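Me: Could you take a close look at one part of this model with me? I would like the cut-offs spelled out as you go.

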Amino acid sequence: MNMKPINFYLIIVIVLVGCNQKPKKEKFQYERVQENSSEVIQNNDIQNTVILNSNDAMLFDKKVIKVNYGEKITLTLNHVGKIGKDFMGHNFVLLKKGVDVDDFAQRAIQARDNEYIPEGDEIIVTTKMLGGGESDTIVFDAPEPGKYIFICTFPGHYQLMQGEFIVI
């Protein structure tokens, strides 16, 4: 008796039986995590010495800065890009609570001779306008606890270049 046909049929049966099995599904679950606006802020997130970088893509490297109330804050703004301040200038402007950011930024466009800082008392503190490769450091007292907005006032930048300054 020839064993080759039996081996061939045996292999075919094994393959067919193996292919007929359904793949096992892994048991996988996930929970949708909702962002909680009343989050507890950890102490390691708070810093009183802040380094904020800006670049030629009109971005700050931080969207949230958290500091302690009543302490001296040292903030250094770096413009890590290469384009000069006449075409890609950046600054850090910390606005008081309740300031209409859109209105303020529109008025800033008209204040070219004052480094795009409009007249008024809506600002807590600001750096000078920087070009690529420049830095400016400011020291100020943290304002009252709460959430504040910081922006770059160079024309057209504030929509991308803004964030929250949270005082704990």
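Me: Is Ile166 buried or exposed, and at what relative accessibility?

Reply: Happy to. This is a predicted model, where local features need pLDDT of at least 70, side-chain atom pairs count only at pLDDT 80 or more, and totals for chains, interfaces and linings use all residues. Residues are numbered from 1 along each chain as its sequence is written, and side-chain values use heavy atoms, with hydrogens and water left out.

Ile166 counts as buried, because its relative accessibility is 8%; buried means under 20% relative accessible area, exposed over 50% and partly exposed in between, with a 1.4 Å probe and protein chains only. Ile166 sits in strand 8. Helices (H or I, at least four residues) and strands (E, at least two) are DSSP runs, numbered from the N terminus. Along the chain, Ile166 and Asn68 are 98 residues apart, yet 8.5 Å separates their C-alpha atoms.

Now for the surroundings. Ile166 is one of the residues touched by Ile65, a list that also includes Val50, Leu52, Leu75, Phe92, Phe150 and Phe165, leaving aside residues up to four places away in sequence. Contact here means heavy atoms within 4.5 Å. Ile65, Phe92 and Phe165 touch the most other members of the largest nonpolar core, which has 24 residues. Such a core is a set of buried Ala, Val, Leu, Ile, Met, Phe, Trp, Tyr and Cys residues joined through side-chain atoms within 4.5 Å. At least two residues of this core come from each of strand 1, strand 2 (64-67), strand 3, strand 6, strand 7 and strand 8. Strand 3 gives the largest share, three residues. Apart from this core lies another of nine residues, among them Val93, Ala105, Ile151 and Tyr158. As background, nonpolar side chains tend to be buried together in soluble globular proteins.

Five aromatic pairs occur in the structure. One of them is Phe140 with Phe165, a tilted pair at 6.1 Å centre to centre and 40° between the planes. Rings of Phe, Tyr and Trp (its six-membered ring) pair if their centres lie within 6.5 Å; planes under 30 degrees apart count as stacked, over 60 as edge-to-face and the rest as tilted. Phe140 belongs to strand 6 (residues 135-141) and Phe165 to strand 8 (residues 162-167), so the pair ties together parts that are 25 residues apart in sequence. Both Phe140 and Phe165 are buried.

What about the partners of strand 8? Strands pair if DSSP finds at least two bridges between them. Strand 7 and strand 8 run antiparallel, joined by six bridges, and Gly146 stands opposite Val167 in strand 8. Strand 7 (residues 146-151) is also joined to strand 4 (residues 93-95), in the antiparallel sense, by two bridges. There, Val93 stands opposite Ile151 in strand 7.

Strand 1 pairs with strand 3 (residues 72-79) in the parallel sense over six bridges, and the bridge partner of Ser54 is His79 in strand 3.
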